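This note sets out some points for a colleague who is new to the structure. Please read the points alongside the sequence and the coordinates.

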Amino acid sequence: MPVFYGRDIASPLMLGTAQYPSPAVLAQAFRASNAGIATVSLRREGGEGQAFHSLIRDLGVTVLPNTAGCHSVKEAVTTAHMAREFFDTPWIKLEVIGDHDTLQPDVVALIEAARILTADGFQVFPYCTEDLSVCGHLLDAGCRVLMPWGAPIGSGRGLNNPYGLRSLRAHFPDVPLVVDAGIGLPSHAAQAMELGYDAVLLNTAVARAGDPVAMARAMALAIEAGQLARKAEPIEARDMAAPSTPLMGMAVLG
Amino acid sequence: MTDVTILGAGVMGLCIASELAARGIRPRIIDPNGAPGPHGCSWWAGGMLAPYCEEESADPTVVRLGLDAADWWAAQGATIHHSGTLVLALSRDQAELDRFARLTREYRAVDADQIVALEPELQGRMRRGLFYESRSHLTPRQALTALQANLAAGGIAIETGGTPTGLVVDARGLTARDALPDLRGVRGEMLTIRCPEVTLTRTIRLLHPRIPLYAVPRGDGVYMLGATMLESGAKSRVTARAAVEMLSAAYALHPGFAEAEILELGADARPAFPDNLPRLRRRGGTLYANGLYRHGYLLAPAVARMAADHIINGQIPEFMDEHNP
């Protein structure tokens, strides 16, 4: 199970809390998923969202506040401070959006914001790309977890660059890695775990499914399957058939 | 005659009063703010009465309870628009349209030509959509005024103070959080614009992954644009972001909206329970009716009927989750 900033987390599934049909469905989806962490956006709800935030606290999972919707270093830093005060946690999922359409991270601003926040005692979970040098800079900035995207937020496209994600895993074998964003199907989540990722963070795929509770369960099962498969040391893919039944000793007909 | 005092003159309170009056009970109504106005969230509503469209995000119960709403309102003298609802998405958001179609019923898939036949000004702008025929919406302020006038004609006025007598029906909306701790506010923001250059004749919903919009024609070139959904009880004024996003979406629907005059910006918080479904609760001499969420005009008639059934016949209706008289 993943360990983030010295804290053991009970499940490799991290679930967002936005876009559910109702808070009641959200709570049921969390129960069905056994998610260990709930990400929560503070930015727009502000201090008047107490009712919703107390529902999140009642889920009994670790809360990871985020800076969703921030487009600059200053906005992200300010939001992180508000979140720390509000949720009483040094954890922050740092999101600095670089493009309004694709919601892709502004990696330059991200590295700067991560440096500022780490120096201020935050434990930063950066939403980043799978770029090796960007990830290296984030580690230099003090991040001890990396959260590369699978695909753009909410797109449900799965892992756009499995090669890049595999390479990142190989380069940073000891850093907790989370695929964050882009998951649409349980098979995508399983693939991330098969690549050796420590956790998967998703929201839209569950919240906007026709039956969010059933999809939450499906994601949990897929993540468990992927994790087991990784530990079980899968076989290598090969170009030629390798018969599973020995050819020796077959009856000679005719 | 049963003695009943209703607290709150929003859509919930006035519908219960009307339903009781229709069954021979003359309730008192107390609201410190007096007649319906900008202080209450039903003032800012879209007034959509198209239940099948709601199934995209709402429980099927909402559809079932909302099917008779338009007839109830018509009988009360509210003007009902029967032009239907057209659901559209920009070409890059077609996946939203597929999702909406998957989750709802009773629509007709329409192509570009059929869209133009319905709304000629959308020529060349939309490739496909979903059309929900028949009932579509009312104008909330006209509807509330009609209820108030009917009640006044029956000798029922809205008092701004005084001591409740008899059975108390608490229909104070979000203000009733003091007695209903699981009630929360879901903030909504809206705009009213005037744009005679644009002629759209029916409710249009423009789907978008982050900024869904509905535009409701109010006549005389006036359109209501709404509405945001934020997990917040804040009743503070409309944010620049909400206004910019909704206006951008309206502009994407029809560039003619660029020339619109902004008549009004409104924000309030809808009262909702955790499953976003309404509740009736009986505690001693008080009956609570609340939690209409974003379905005020769609659900208030059904909830008012249930409240009246309870008050008159002692029935325990389906949304009564507490019964301790």
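**Notes on two interfaces**

1. Four salt bridges (a side-chain nitrogen of Lys or Arg within 4 Å of a carboxyl oxygen of Asp or Glu) are found across the interface of domain 1 of chain B and domain 2 of chain B. Arg105(B) forms a salt bridge with Glu55(B), with the closest N and O atoms 3.0 Å apart.

2. The model is predicted: local features need pLDDT of at least 70, side-chain atom pairs count only at pLDDT 80 or more, and totals for chains, interfaces and linings use all residues. Residues are numbered from 1 along each chain as its sequence is written, chains are lettered from A and ligands numbered from 1 in the order in which they are written, and side-chain values use heavy atoms, without hydrogens and water.

3. Domain 1 of chain B comprises 4–70 + 138–178 + 274–313 and domain 2 comprises 85–133 + 184–272 (bounds from an automatic or database domain assignment). Their contact (heavy atoms within 4.5 Å) takes 28 residues from domain 1 of chain B and 31 residues from domain 2 of chain B.

4. Between chain B and chain A, about 1800 Å² is buried (accessible area, 1.4 Å probe, lost on putting two parts together, summed over both), and 45% of it lies on carbon and sulfur atoms. Arg210(B), Glu231(B) and Arg241(B) supply 30% of the area that chain B buries against chain A, more than any other three residues.

5. Three salt bridges are found across the interface of chain B and chain A. Glu96(B) and Arg208(A) meet through their side chains in a salt bridge (2.6 Å, N to O).
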